Amino acid sequence: MMRELADNIMDIAQNSISAGASLTEVHITVSHEEDRITFVFRDNGCGMSQDMVQTVMEPFTTSRTTRKVGLGLPLLKQTAEMTGGSIGIESTLGVGTVVTAAFGLSHIDRPPMGDVAGAFFSLVIMNPDTDFLFTFCYDGKDFTFDTRQVREAVAPIPLNQMEIAGWI
Ligand SMILES: Nc1ncnc2c1ncn2[C@@H]1O[C@H](COP(=O)(O)OP(=O)(O)O)[C@@H](O)[C@H]1O
Ligand SMILES: [Mg+2]
């Protein structure tokens, strides 16, 4: 199975939704100068205990009783490390979680980015009642997408309504 970084983004952002986040942030930075891709995921979901943070990187830790795809964090870690990068998790129960990941941009084992815009679109459409802040910085050029701004602009139409979805 060919995994792309966009798949990792879906997995990790989906964890924030599962954690009950009302706001999920995904920040992507691509720097040729630093030869790095970095992801920062920040949410205001339920958070994890420090014990959970310690064990969550091990592939068979899950709060679910059955596993469909899962392995989100272990896969992110594996992908980061095989490209000379690393991941970090900071979490506070009742406050939220920050997951960071760095990848070697030019590393031979780095998976392609894949359809990141499609991943963002899917997250918004599948979770129309929660907010997302996406930023993409490509060699210093910034792009931002904030569903709170879109929501305000189109209220009271929900974000998954067809015309709005098409426009997004
Ligand atoms: N953003 C998050 N907020 C709270 N808990 C999280 C978050 N991300 C991961 N977790 C916890 O870590 C576990 C492992 O996550 P993951 O590796 O993606 O596997 P899975 O989602 O299949 O359980 C989750 O089941 C959840 O309990
Ligand atoms: Mg997961």
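Guide: One term before we start: two strands pair if DSSP finds at least two bridges between them. Helices (H or I, at least four residues) and strands (E, at least two) are DSSP runs, numbered from the N terminus. This is a predicted model, where local features need pLDDT of at least 70, side-chain atom pairs count only at pLDDT 80 or more, and totals for chains, interfaces and linings use all residues. Residues are numbered from 1 along each chain as its sequence is written, while chains are lettered from A and ligands numbered from 1 in the order in which they are written.
Visitor: OK, in the hairpin of β1 and β2, which residue takes a positive phi?
Guide: That's D35, with phi near 55°. The hairpin has four residues between the strands.
Visitor: And in which sense do β1 and β2 pair?
Guide: Antiparallel, over eight bridges, with β1 covering residues 23-31. As an example, E25 has R42 of β2 as its bridge partner.
Visitor: What about β2 and β4, how many bridges join them?
Guide: Eight, and these two also run antiparallel. There, F41 is partnered with V99 in β4.
Visitor: What's the strand order in the open sheet?
Guide: The six strands go β3-β4-β2-β1-β5-β6, with mixed pairing. At the edges are β3 (86-92) and β6 (141-146), each pairing on one side only.
Visitor: Back to β2: which residues are on its covered face?
Guide: I37, F39, F41 and D43, while R36, T38, V40 and R42 are on the uncovered one. In a regular strand, side chains alternate between the two faces of the sheet.
Visitor: Switching topic: in the largest nonpolar core, which residues touch the most other members?
Guide: I9, A13, A101 and L123, out of 26 residues. A nonpolar core is a set of buried Ala, Val, Leu, Ile, Met, Phe, Trp, Tyr and Cys residues joined through C-beta atoms within 7 Å. Buried means that 20 or more other C-beta atoms lie within 10 Å of a residue's own, with C-beta atoms placed from the backbone; 12 or fewer is exposed, and in between is partly exposed.
Visitor: Which element gives the largest share of this core?
Guide: α1, with five residues.
Visitor: How far apart are the end C-alpha atoms of α1?
Guide: They are 20 Å apart, which agrees with the 20 Å that its 14 residues should span at 1.5 Å a residue. That expected span is 1.5 Å times one less than the number of residues.
Visitor: And what follows α1?
Guide: G20, with a positive phi near 80°.
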